[in-house]
Amino acid sequence: MPRPLWSGAISFGLVTIPVKLLSATEDRSVRFHQVHTEDLGRVRVRKFCEAEDREVSGAEIGKGYEVSKDTLVAVTDEELEQMPLPTAKAIEIVAFVPAASIDPVRLSGDSYFLQYDGQVAAKPYALIARALARNTKVAVAKLAWHGRERLVLLRVRDGALIAHVLKWDDEVRDTSELAPKETKVTDSEIDEALQLIDSMTTDDISGYQDEYRKALEAVLEAKAEGRQPPKPSTEAEEPGGKVVDLMAALQESVRKAQAARGEDAGDAEVHEMPKKPAARKPAKKTPDKKTAKKTATAKKPARRQRGA
């Protein structure tokens with residue numbers, strides 16, 4: 001496991017659970033250095049003091065807050081650590097809420113494991129973890145860390161507590177102007193979309209991989225060995241500009257999803273949106289005698305009208 005990033009305690013009513021905070025994820029992205037394209041020399045970012053016009057070391061760099069255009073206030077790490085916050089050394093649980101009530105947009109992407117600290121903490125840690133596992137609620141807590149107070153969501157995974165950092169209410173932008181207005185969607189189209197959702201539903205997403213990273217690593221490996229990078233595949237089709245019938249597209253999507261899961265979905269076709277048919281003359285048929293007589297009688301007024 002990675003080294004602890006923070007140590008403190010979970011405050012659960014009158015119960016205190018000493019814990020350590022560990023990063024739950026790792027970034028596997030491929031990293032690049034900035035280089036001079038002429039000779040591949042490394043390009044470094046150096047920090048200069050504007051007042052003295054010289055490079056400064058990390059030990060000389062501190063924090064400053066801009067009060068006005070020409071006024072800065074220095075703030076030390078010690079002052080930040082000594083602020084009178086109850087959450088400075090505690091993850092204070094403030095509420096329990098239904099898990100479904102948490103809007104995923106509030107999840108910041110930062111997740112951490114909570115490891116109990118010492119044998120004394122084992123029982124209360126297991127107590128809250130098993131209590132959370134028995135219902136559909138999650139804990140919402142506050143934590144002061146890295147110069148700010150954070151709102152976190154606590155949930156259970158395989159008996160272990162996990163903390164997900166949440167955005168505050170005023171950090172989430174309003175979406176009222178994004179939804180399409182007065183767009184007509186039929187019940188049949190909604191039912192077909194629901195069928196597509198059902199056909200694509202799974203309980204396991206562990207098989208998905210970062211294809212971009214794999215392709216990038218193949219390019220870098222080839223270049224390092226003096227080979228030509230792999231050529232792009234010509235099999236993949238670009239998303240087309242064809243306008244398709246929405247219902248037909250949904251039906252075809254359901255068929256493909258079911259076929260991918262080994263289910264028999266029958267045949268379905270995607271049709272282009274029907275164009276307005278051009279006017280054309282009806283095909284001539286050989287009429288019988290009675291039909292021919294009626295047709296000739298019906299056409300006489302039309303001939304007199306054209307001759308008028």
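Colleague: Which residues have the most contacts inside the largest nonpolar core?
Modeller: Ile10, Val19, Ile91, Leu114, Leu154 and Leu161 do, in a core of 23 residues. A nonpolar core is a set of buried Ala, Val, Leu, Ile, Met, Phe, Trp, Tyr and Cys residues joined through side-chain atoms within 4.5 Å. Buried means under 20% relative accessible area, exposed over 50%, partly exposed in between (1.4 Å probe, protein chains only).

Colleague: Which strands and helix each supply at least two residues of this core?
Modeller: Strands S1 (6–12), S2 (15–23), S7 (90–98), S8 (107–116), S9 (137–145), S10 (148–157) and S11 (160–166) do, along with helix H2 (122–133). Helices (H or I, at least four residues) and strands (E, at least two) are DSSP runs, numbered from the N terminus.

Colleague: And is this model predicted or what?
Modeller: It is a predicted model, where local features need pLDDT of at least 70, side-chain atom pairs count only at pLDDT 80 or more, and totals for chains, interfaces and linings use all residues. Residues are numbered from 1 along each chain as its sequence is written, and side-chain values use heavy atoms, with hydrogens and water left out.

Colleague: What does Leu114 touch?
Modeller: Beyond its neighbours within four places in sequence, Leu114 contacts Ile10, Val19, Lys20, Leu21, Ile91, Tyr125, Leu154, Leu161 and Ala163. Contact means heavy atoms within 4.5 Å.

Colleague: New topic. Is Arg150 buried or exposed?
Modeller: Arg150 is buried, because its relative accessible area is 12%. Arg150 sits in strand S10.

Colleague: Which residues does Arg150 touch?
Modeller: Not counting residues up to four places away in sequence, Arg150 touches Ala141, Lys142, Leu143, Trp145, Val165 and Trp168. Arg150 and Trp168 are 18 residues apart in sequence and 8.0 Å apart in space, C-alpha to C-alpha.

Colleague: Now the helices. At what angle do H3 and H5 pack?
Modeller: Helix H3 (residues 187–199) and helix H5 (residues 246–260) pack at about 20 degrees, with axes 9 Å apart. Axes are lines fitted to C-alpha atoms, for helices over the stretch in contact, and angles run from 0 to 180 degrees between N-to-C directions. So H3 is roughly parallel to H5 (angles under 35 degrees count as roughly parallel).

Colleague: Which residues in H3 meet H5?
Modeller: Ser188, Glu189, Glu192, Ala193, Gln195, Leu196 and Ser199 do. Their partners in H5 include Leu246, Leu250 and Val254.

Colleague: Last one. How many helices and strands does the protein chain have?
Modeller: The protein chain has six helices and eleven strands. Of its 308 residues, 18% are buried.

Definitions and conventions: Angles under 35 degrees count as roughly parallel, over 145 as roughly antiparallel, 65 to 115 as roughly perpendicular and the rest as oblique.
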